[in-house]
Amino acid sequence: MIGAVLGMVIVLAIVLATCADAGAQGADPVRVTFPSMDGRTKLVGYVFTPGKAGRAPAVVMMHGRGGPYSTEANGRYDASTLSERHQMWGHLWASLGYVAILVDGFGPRGYPQGFARGSYEQRPEALNEVTVRPLDAYGALGYLHARTDVAPDSIVLQGWSNGGSATLATMAVVAADTPGAVAHSPVLGFRSALAFYPACGLKGMFADGYRPYAPIRVLMGDADEEVSPKRCAALVEKSRAQGGDIAIKLYPGATHDFDDPGRKRQSVDGNADAKADAMEAAPAFFAEQLAVKR
């Protein structure tokens, strides 16, 4: 296991050393469509591939409140206008041998431009990150299961902000009659997950305690101005007390969107340090988890 982790970290170091902007590497991802498990929405996904033969592990990526596209998309919502952050991570995963799919859960429901900060109370129920967006994640899981280039027992999940909250909800142990519950196990579901700066209130649905069915790690800044690090730390602490395999890493001085590669966010020292660490820690965590036999 240790050898696999070290190998992945070495590969990552090479990638970062040879390219200042990982998002600039490679061709645009391929646009695909597939059904959400909500039974009515045809989702859009953008697939980044490693370009080698055989079955590969895969990452499902869940965007935040701003949607998957650049703020400069100007009405053009396609692979060419994906945000720098999503391109950076998608190309990074592909360079490390993963098939990565970025799920657009907002565009197909009429909100491709996403939402501004402070708009939480005005967002429609159709985009509920606790009850709806997890069904999108499982729709992407089903799509990946059908691909011949994906190892179906080696699929992990990554989400940012609102998509980080959706990631937490997706990984929760739920009642057997919950929609999509058949997928809630490390074998049939996701092997592990990473939630970047999520809102951890989760609409009060886990007031009695949150327990993930597979390992999950939360990465966020202790200076986050948009969501509460204290609330997330409390969620994690309570979950761990109940046996949950979950942990949180708080980056000193880092804000919301700390891994956004744009100049504005990276001008903050705490963000630059957090981004560099997260881009090593994320691949190492997934490599370690995928090396564990279930």
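A residue is called buried when its relative accessible area is under 20%, and by that criterion buried residues make up 54% of the 294 residues in this protein. The structure is a predicted model, and it contains seven helices and eight strands. Among the contacts in the protein with a separation of 6 or more, 75% are between residues 24 or more positions apart. The accessible surface of the protein comes to about 12600 Å², and carbon and sulfur atoms account for 53% of that area.

- In soluble globular proteins, nonpolar side chains tend to be buried together.
- The largest nonpolar core here has 77 residues, and the members that touch the most other members are Val60, Trp89, Trp93, Leu168, Phe190 and Tyr210. Helix H7, which spans residues 269–291, gives the most to this core, contributing seven residues.
- Trp93, one of those core residues, touches Val59, Met61, Tyr98, Ala100, Gln158, Ala282, Pro283 and Phe286 when residues up to four places away in sequence are not counted.
- Helix H7 also holds Ala272, which is partly exposed because its relative accessible area is 29%, a value that falls between the 20% limit for buried and the 50% limit for exposed. The C-alpha atom of Ala272 is separated by 8.6 Å from that of Pro261, and these two residues are 11 residues apart along the chain.

**Helix H3**

- Helix H3 runs over residues 133–145, and its 13 residues reach 19 Å from the first C-alpha to the last, which is close to the 18 Å expected at 1.5 Å a residue.
- H3 is mostly covered, with 11 of its 13 residues buried; these are Arg133, Pro134, Leu135, Asp136, Ala137, Tyr138, Gly139, Ala140, Leu141, Tyr143 and Leu144.
- The cover over the buried residues of H3 includes strands S1 (30–35), S2 (42–48), S3 (56–62), S4 (99–104) and S5 (150–160), together with helix H4.

**Helix H5**

- Helix H5, at residues 229–241, has 13 residues and reaches 18 Å from its first C-alpha to its last, close to the expected 18 Å at 1.5 Å a residue.
- Which residues of H5 are buried? They are Pro229, Cys232, Leu235, Val236 and Ser239. Because these residues cover an arc of only 125° around the axis, they lie on the same side of H5.
- Lys230, Arg231, Glu237 and Ala241, by contrast, are exposed on the other side of H5.
- Helix H4 (162–170), strand S7 (216–221) and strand S8 (246–251) are included in what covers the buried residues of H5, and the helix is followed by Gly243, whose phi is positive, near 95°.

**The disulfide**

- One disulfide is found in a search of the whole structure; Cys200 and Cys232 form this bond, with their sulfur atoms 2.0 Å apart. Cys200 lies in the loop between strand S6 (193–196) and S7, whereas Cys232 lies in helix H5, so the pair ties together parts that are 32 residues apart in sequence.
- The torsion about the S-S bond of Cys200 and Cys232 is about 90°, and the disulfide is therefore right-handed.

**Residues with positive phi**

- Most residues other than glycine have a negative phi.
- Lys203 is a residue other than glycine with a positive phi, near 55°, and it is found in the loop between S6 and S7. Because its relative accessibility is 43%, Lys203 counts as partly exposed.
- Asp257, likewise a residue other than glycine, has a positive phi near 60°, and its place is in the loop between S8 and helix H6 (263–266).
- Is Asp257 buried or exposed? At 13% relative accessibility, Asp257 counts as buried, since the limit is under 20%.

Definitions and conventions
Residues are numbered from 1 along each chain as its sequence is written. This is a predicted model: local features need pLDDT of at least 70, side-chain atom pairs count only at pLDDT 80 or more; totals for chains, interfaces and linings use all residues. Side-chain values use heavy atoms; hydrogens and water are left out. Helices (H or I, at least four residues) and strands (E, at least two) are DSSP runs, numbered from the N terminus. Buried means under 20% relative accessible area, exposed over 50%, partly exposed in between (1.4 Å probe, protein chains only). Contact means heavy atoms within 4.5 Å. Accessible areas come from the Shrake-Rupley method with a 1.4 Å probe; for residues, only the protein chains shown count as cover. A nonpolar core is a set of buried Ala, Val, Leu, Ile, Met, Phe, Trp, Tyr and Cys residues joined through side-chain atoms within 4.5 Å. The expected span of a helix is 1.5 Å times one less than its number of residues. The arc is that of the directions from the helix axis to the C-beta atoms. A disulfide is a pair of cysteine sulfur atoms within 2.5 Å.
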